[in-house]
Amino acid sequence: MSKKISNQKKREIRDYYQDNPITIANLAKLFNISAPTAGEICKNLPKWKKTQIFSPQLQENWFEKIDSEEKAYYLGFFITDGNVYDTNRTQAVCSLTQKDEDAYILQKWLDLVKSNRKIAQDGRGCSQASVLSNKMRDDLAKYGVVPKKTFHTHLPVLPESLMSHLIRGILDGDGNIEAKWFIPPDGRKRFKHKISFCGTHQLMEEINNYLVKTLNLKVSRTPYDYKNKELSEIQYTNYEDIEKIGSFIYKNSTIYLSRKKEHYDLIKQRIESRQQCANS
């Protein structure tokens with residue numbers, strides 16, 4: 001090998017490898033040498049992580065400090081609908097899953113963290129966005145987002161200006177806003193409306209306590225614990241409370257699931273219509 005490649009060329013190859021995230025195989029192709037030869041030349045140099053190779057601009061420290069609407073929102077998303085797990089890979093997997101129709105919210109996250117990974121679809125109506133990063137895994141763990149997080153999630157304490165975005169992320173991750181007309185057996189048309197959150201019993205209690213205290217809700221809710229499930233739920237059906245919660249989470253918001261926001265807007269219209277009728 002030393003007879004065919006000069007020391008100057010070796011230094012050039014090593015310098016390039018040190019400065020550019022690249023696989024040994026691609027390095028070999030770039031310099032028109034064999035992969036074993038490239039590996040031998042660079043054997044004492046630190047190897048690039050796959051994350052660095054395939055997403056060289058990935059913002060692995062994105063969750064290190066929650067200091068923006070986007071970070072608070074996606075932290076809420078991870079708390080309810082995210083997944084963090086270690087595999088036989090060198091880097092942990094941090095992923096978010098949603099319905100295919102909501103894949104745009106996943107793509108926005110990938111864009112924000114500057115990941116080059118593509119959204120994966122399972123063929124059953126769900127899409128997933130994931131990145132490989134031990135740093136991101138460790139930062140998320142500070143907020144209870146850990147492997148098998150069903151037993152650990154709680155409501156993090158963030159600056160007050162970010163709490164509405166955090167709770168909106170929790171709602172979009174695994175909550176629901178229902179707004180629809182229906183006809184019950186008595187034949188009288190009614191409007192079904194609610195805002196609900198789903199998660200651990202502790203998370204539900206803490207969300208309810210925070211909303212009741214912060215928004216002065218009319219009704220304080222006790223979490224409903226599902227049988228044979230490790231999840232609880234809280235529902236708000238009082239028009240006044242729904243309006244307070246909706247106004248709180250959507251005020252000054254720029255990122256949310258459109259379909260849930262549209263449902264809240266329908267409830268808001270219903271509230272305004274009722275008020276008009278009462279005043280006429």
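**Close-up views of a predicted model**

**View 1. Strand 7 and strand 8 (residues 232-236) are paired antiparallel through two bridges.** Two strands count as paired if DSSP finds at least two bridges between them. Helices (H or I, at least four residues) and strands (E, at least two) are DSSP runs numbered from the N terminus. Within this pair, D225 is placed opposite S232 of strand 8. The model is predicted, so local features need pLDDT of at least 70 and side-chain atom pairs pLDDT 80 or more, while totals for chains, interfaces and linings use all residues. Residues are numbered from 1 along each chain as its sequence is written, and side-chain values use heavy atoms, without hydrogens and water.

**View 2. Four strands form an open sheet in the order 5-6-8-7, with antiparallel pairing.** Strand 5 (175-182) and strand 7 (224-225) are at the edges with a single partner strand each, so one side of each has no neighbour in the sheet.

**View 3. Helix 10 (residues 239-250) lies across strand 5, strand 6 (190-199) and strand 8.** Helix 10 runs at about 55° to strand 6. Helix 11 (residues 258-279) lies across strand 5 and strand 6, at about 50° to strand 5. Axes are lines fitted to C-alpha atoms, for helices over the stretch in contact, and angles run from 0 to 180 degrees between N-to-C directions.

**View 4. The axes of helix 9 (residues 201-215) and helix 10 come within 11 Å and cross at roughly 95°.** The two helices, helix 9 and helix 10, are therefore roughly perpendicular to each other (a term for angles of 65 to 115 degrees). Y210, L211 and L215 of helix 9 make the contact with K244, I245 and F248 of helix 10; contact means heavy atoms within 4.5 Å.

**View 5. The largest nonpolar core has 58 residues.** Such a core is a set of buried Ala, Val, Leu, Ile, Met, Phe, Trp, Tyr and Cys residues joined through side-chain atoms within 4.5 Å, where buried means under 20% relative accessible area (1.4 Å probe, protein chains only). F63, Y74, W109, F197 and L211 have the most contacts inside this core. Helix 5 (residues 69-81) supplies its largest share, seven residues. Another core, of 12 residues, lies apart from it and includes I13, L27, A38 and I41.

**View 6. The count of disulfides is zero.** A disulfide is taken as a pair of cysteine sulfur atoms within 2.5 Å. For C94, the nearest cysteine sulfur is that of C126, 19 Å away. C94 is buried, with a relative accessible area of 0%.

Terms used:
Buried means under 20% relative accessible area, exposed over 50%, partly exposed in between (1.4 Å probe, protein chains only). Angles under 35 degrees count as roughly parallel, over 145 as roughly antiparallel, 65 to 115 as roughly perpendicular and the rest as oblique.
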